[in-house]
Amino acid sequence: MSDDLILDEAYPARRILTLIANKWTPIVLYCLGQGTGHFGKMQRQIPGISKKMLAQVLRGLERDGLVTRKVFRSVPPKTEYTITDLGRRIHEPVMLLCDWALENADAFDAMEQHRAKTTQDTP
């Protein structure tokens with residue numbers, strides 16, 4: 001395989017990395033992989049995500065066919081988000097990546113220590 005293909009926008013690895021490049025997308029996918037989600041519950045599950053950002057991520061996932069949205073006519077209004085079969089296929093490698101990160105937290109600690117040391121050494 002030519003290295004030129006790896007750089008091409010249509011290359012599958014580049015396409016998945018583009019999808020998960022937004023820091024919130026894999027986290028929202030990971031949450032929805034655990035079961036049907038409600039907006040408020042997801043916002044409480046994901047510290048630091050704003051309502052606006054969560055709405056944007058969910059709209060993008062719905063647009064791409066990874067999530068379905070069901071709105072219930074109730075007071076107050078209720079919306080459920082469910083991962084689709086296609087979304088489950090994407091969720092699998094995201095879950096593996098998240099699990100790997102949990103198992104290798106020390107690598108991130110070492111990276112941060114190195115970064116802090118390098119930043120201190122820079123004039």
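Gly33 sits in the loop between α3 and β1 (37–38), where helices (H or I, at least four residues) and strands (E, at least two) are DSSP runs numbered from the N terminus. The structure is a predicted model, in which local features need pLDDT of at least 70, side-chain atom pairs count only at pLDDT 80 or more, and totals for chains, interfaces and linings use all residues. Residues are numbered from 1 along each chain as its sequence is written, and side-chain values use heavy atoms, with hydrogens and water left out.

With a relative accessible area of 17%, Gly33 is buried; here buried means under 20% relative accessible area, exposed over 50%, and partly exposed in between (1.4 Å probe, protein chains only). Leaving aside neighbours within four places in sequence, Gly33 is in contact with Ile83, Arg88 and His91, contact meaning heavy atoms within 4.5 Å. Between Gly33 and Arg115, 82 residues apart in sequence, the C-alpha to C-alpha distance is 33 Å.

His91 leads on to helix α6, in which this residue is found. His91 is buried, at a relative accessible area of 6%. Not counting residues up to four places away in sequence, His91 touches Leu29, Tyr30, Gly33, Gln34 and Ile83. Met95 also belongs to α6, which covers residues 85–103. Met95 is partly exposed, its relative accessible area being 28%. The C-alpha atoms of Met95 and Leu29 are 8.6 Å apart, although 66 residues separate the two along the chain.

These residues take part in the packing of α3 with α6. The two helices meet at an angle of about 105 degrees, with their axes 9 Å apart; axes are lines fitted to C-alpha atoms, for helices over the stretch in contact, and angles run from 0 to 180 degrees between N-to-C directions. α3 and α6 are therefore roughly perpendicular to each other, given that angles under 35 degrees count as roughly parallel, over 145 as roughly antiparallel, 65 to 115 as roughly perpendicular and the rest as oblique. From α3, Pro26, Leu29 and Tyr30 meet Gly87, Ile90, His91, Val94, Met95, Cys98 and Asp99 of α6. By class, this contact has seven nonpolar, two polar and one charged residues. Ala, Val, Leu, Ile, Met, Phe, Trp, Tyr, Cys and Pro count as nonpolar, Asp, Glu, Lys and Arg as charged, and the others, Gly among them, as polar.

Helix α3 also packs against α5, at an angle of about 75 degrees and with the axes 10 Å apart. That makes α3 roughly perpendicular to α5. Trp24, Thr25, Val28, Leu29 and Leu32 in α3 meet Met53, Leu54, Val57, Leu58 and Leu61 in α5. The residues of this contact divide into nine nonpolar, one polar and no charged.

Helix α5 itself has 13 residues (51–63) and should span 18 Å at 1.5 Å a residue, which agrees with the 18 Å between its end C-alpha atoms; the expected span is 1.5 Å times one less than the number of residues. Its buried residues are Leu54, Val57, Leu58, Gly60 and Leu61. Seen down the axis of α5, these fall within an arc of 160 degrees, so they line one face of the helix, the arc being that of the directions from the helix axis to the C-beta atoms. They pack against α3 (24–32), α4 (39–45), β2 (67–72) and β3 (78–83). On the face turned away from the buried side are the exposed residues Lys51, Lys52, Arg59 and Arg63. Just after α5, Gly65 takes a positive phi of about 80 degrees.
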